[in-house]
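Thanks for coming, everyone. Have a look at the model on the screen, and I'll talk you through it.

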Amino acid sequence: MNNVAAGGYPTSWVVGYTIGIVVVLVVVALVVPILVLARQIGDEAPKINDALTEAVHNTAPLGALRTTIEHATIIIGGLQRGRARLGG
């Protein structure tokens, strides 16, 4: 037997090409959804960055909270001393 397919090519070549085409199609089928998701993430990234920048701006005054707490503690201490002197 010759092992020749209908088109005149050896059967092993036909099988090899068929397997190669199937592998390429499977890889494309797996990579395309990943690329689509990456594109969607890339489209959302500027919005996320803007929101984070706004959050940094909105929460910046919280850095002064420690100073406020320190001053409040000093005031409370003064009030407690005043109450103790008045006998309360």
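Let's begin with Lys 47 and Glu 44, whose side chains meet in a salt bridge at 3.5 Å, N to O. By salt bridge I mean a side-chain nitrogen of Lys or Arg within 4 Å of a carboxyl oxygen of Asp or Glu. Side chains of opposite charge can pair when their charged atoms come close. Lys 47 and Glu 44 are 3 residues apart in helix H1, so about one helical turn separates them. Lys 47 counts as exposed because its relative accessibility is 53%, while Glu 44, at 37%, counts as partly exposed. The cut-offs there are under 20% relative accessible area for buried, over 50% for exposed, and partly exposed in between, with a 1.4 Å probe and protein chains only.

Before I go on, a word on the source: this is a predicted model, where local features need pLDDT of at least 70 and side-chain atom pairs count only at pLDDT 80 or more, while totals for chains, interfaces and linings use all residues. Residues are numbered from 1 along each chain as its sequence is written, and side-chain values use heavy atoms, with hydrogens and water left out.

How many salt bridges does a search of the whole structure find? It finds 2. Arg 39 and Asp 43 also meet through their side chains, at 3.7 Å, N to O. Both sit in helix H1, 4 residues apart, about one turn of the helix. Arg 39 is exposed at 60% relative accessibility, and Asp 43 is partly exposed at 45%.

Now the overall layout. The protein has 2 helices and 0 strands; these are DSSP runs, numbered from the N terminus, with helices being H or I of at least four residues and strands E of at least two. H1 has 49 residues, which should span 72 Å at 1.5 Å a residue, and its end C-alpha atoms are 70 Å apart, which agrees. The expected span is 1.5 Å times one less than the number of residues. Helix H2, residues 65–85, should span 30 Å with its 21 residues, and its end C-alpha atoms are 30 Å apart, so that agrees too. After H2 comes Gly 87, with a positive phi near 85 degrees.

Where does H1 bend? It bends by about 35 degrees at Glu 44, and Pro 46 follows within four residues. That bend is the angle between axes fitted to the seven residues ending there and the seven starting there.

Next, the aromatics. There is 1 aromatic pair, counting rings of Phe, Tyr and Trp (its six-membered ring) with centres within 6.5 Å; planes under 30 degrees apart are stacked, over 60 edge-to-face, and the rest tilted. The ring centres of Trp 13 and Tyr 17 are 5.9 Å apart and their planes are at 40 degrees, so this pair is tilted. Trp 13 and Tyr 17 are 4 residues apart in helix H1, about one helical turn. Tyr 17 is exposed, at 55% relative accessibility.

To finish, burial: buried residues make up 1% of the 88 residues in the protein.
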